[in-house]
Amino acid sequence: MSAAPVIIVGAGGHGRVLADALLLAGRTVLGFVDADAGLQGTTVMGLKVLGDDTRLIAGDWPEAVLVNGVGGRPGGRVRRDVQTRLETAGRRFTGVRHPSAVVSPFAEIDDTAQVLARAVVQAGAVVGHGCIVNAGAIVEHDVRLEPFTHCAPGSILCGDVRIGATCHIGAGAVVREGVTLGDGVVVGAGAVVVDDHAGPALLLGVPARRGNGR
């Protein structure tokens, strides 16, 4: 990951968590950008809200790399679209790794992925572009996370799991070993997934079943 100064895109709850992790890791954080006009010109955690992302597209702060602070709410499409728009404009994103995260040197972590406090990523795992492995989540051996998937706090992906793009694995959910989930699957908090599911789908319960007619 780059040692350049950082601007966080989004000053909400996830953005603040990322700011905390970056500062603990000794990174220089210039501030936030956020679309909320009411936040612009204020400070959050002692860091300035510098404006909105149009300033990044215009080329302001060319020395800075960006961190995607858009929350990992169910369905990663908003998060993906924000990052893709800025990448298309030539801006570069970097990842975040909390100092307390445990990451195997034999795991493959994309340069833009975020691995947060006390998360564990085991040998052979692949964490893709724009993914979040949130606080206390466990990504076991040989798991593959496709781009912009979010493993919420305390979720567990057992060995050899395959998770498609823009999925959301809810807080405390478990995906059994060997399971494959397609793009856009949302796993509810506390659910236990024991079978493969094509996406998009909402999976709820123990064992998890499709909900809301999806």
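**View 1. The side chains of Asp53 and Arg85 make a polar contact in this predicted model.** The two side chains come to 2.4 Å of each other in this polar contact, a term for a pair of N or O atoms within 3.5 Å, of which, within protein, one must be able to donate a hydrogen and the other to accept it, residues adjacent in sequence counting only if both atoms are side-chain atoms. Asp53 is placed in the loop between strand E4 (47-48) and helix H2 (54-57), where helices (H or I, at least four residues) and strands (E, at least two) are DSSP runs numbered from the N terminus. Leaving aside residues up to four places away in sequence, Asp53 touches Val33, Arg85 and Leu86, contact meaning heavy atoms within 4.5 Å. Because the model is predicted, local features need pLDDT of at least 70 and side-chain atom pairs count only at pLDDT 80 or more, whereas totals for chains, interfaces and linings use all residues. Residues are numbered from 1 along each chain as its sequence is written, and side-chain values use heavy atoms, with hydrogens and water left out.

**View 2. Salt bridges, of which a search of the whole structure finds 4.** A salt bridge is a side-chain nitrogen of Lys or Arg within 4 Å of a carboxyl oxygen of Asp or Glu. Arg85 and Asp53 form one of them, with their closest N and O atoms 2.4 Å apart; Arg85 lies in helix H3 (residues 77-88) and Asp53 in the loop between E4 and H2, so the pair ties together parts that are 32 residues apart in sequence. Asp53 is buried at 17% relative accessible area, whereas Arg85, at 38%, is partly exposed; buried means under 20% relative accessible area, exposed over 50%, and partly exposed in between (1.4 Å probe, protein chains only). Arg80 forms a salt bridge with Asp81, the closest N and O atoms being 3.1 Å apart, and the relative accessibility is 30% for Arg80, which counts as partly exposed, and 40% for Asp81, also partly exposed. In the salt bridge between Arg144 and Glu146 the closest N and O atoms are 3.0 Å apart, and both Arg144, at 37%, and Glu146, at 28%, are partly exposed.

**View 3. The largest nonpolar core, with 33 residues.** Such a core is a set of buried Ala, Val, Leu, Ile, Met, Phe, Trp, Tyr and Cys residues joined through side-chain atoms within 4.5 Å. Val121, Leu145 and Leu181 touch the most other members, and the elements that give two or more residues to this core are strand E21 (185-187) and strand E23 (201-204). A second, separate core of 18 residues includes Ala4, Leu22, Leu116 and Ile132.

**View 4. Strand E23 and its pairing with E21 and E24.** Two strands pair if DSSP finds at least two bridges between them. E21 and E23 run parallel and are joined by 3 bridges, with Val187 opposite Leu203 in E23. E23 and strand E24 (residues 209-210) run antiparallel and are joined by 2 bridges, Leu204 having Arg209 in E24 as its bridge partner. E23 and E24 form a hairpin with 4 residues between them, and Gly205 in the turn has a positive phi of about 95 degrees.

**View 5. An open sheet of 3 strands in the order E2-E1-E5, with parallel pairing.** Strand E2 (29-33) and strand E5 (65-68) stand at the edges, each with a single partner strand, so one side of each is left without a neighbour in the sheet. Strand E1 (residues 6-9) is joined to E5 by 4 bridges, and Ile7 stands opposite Leu66 in E5.
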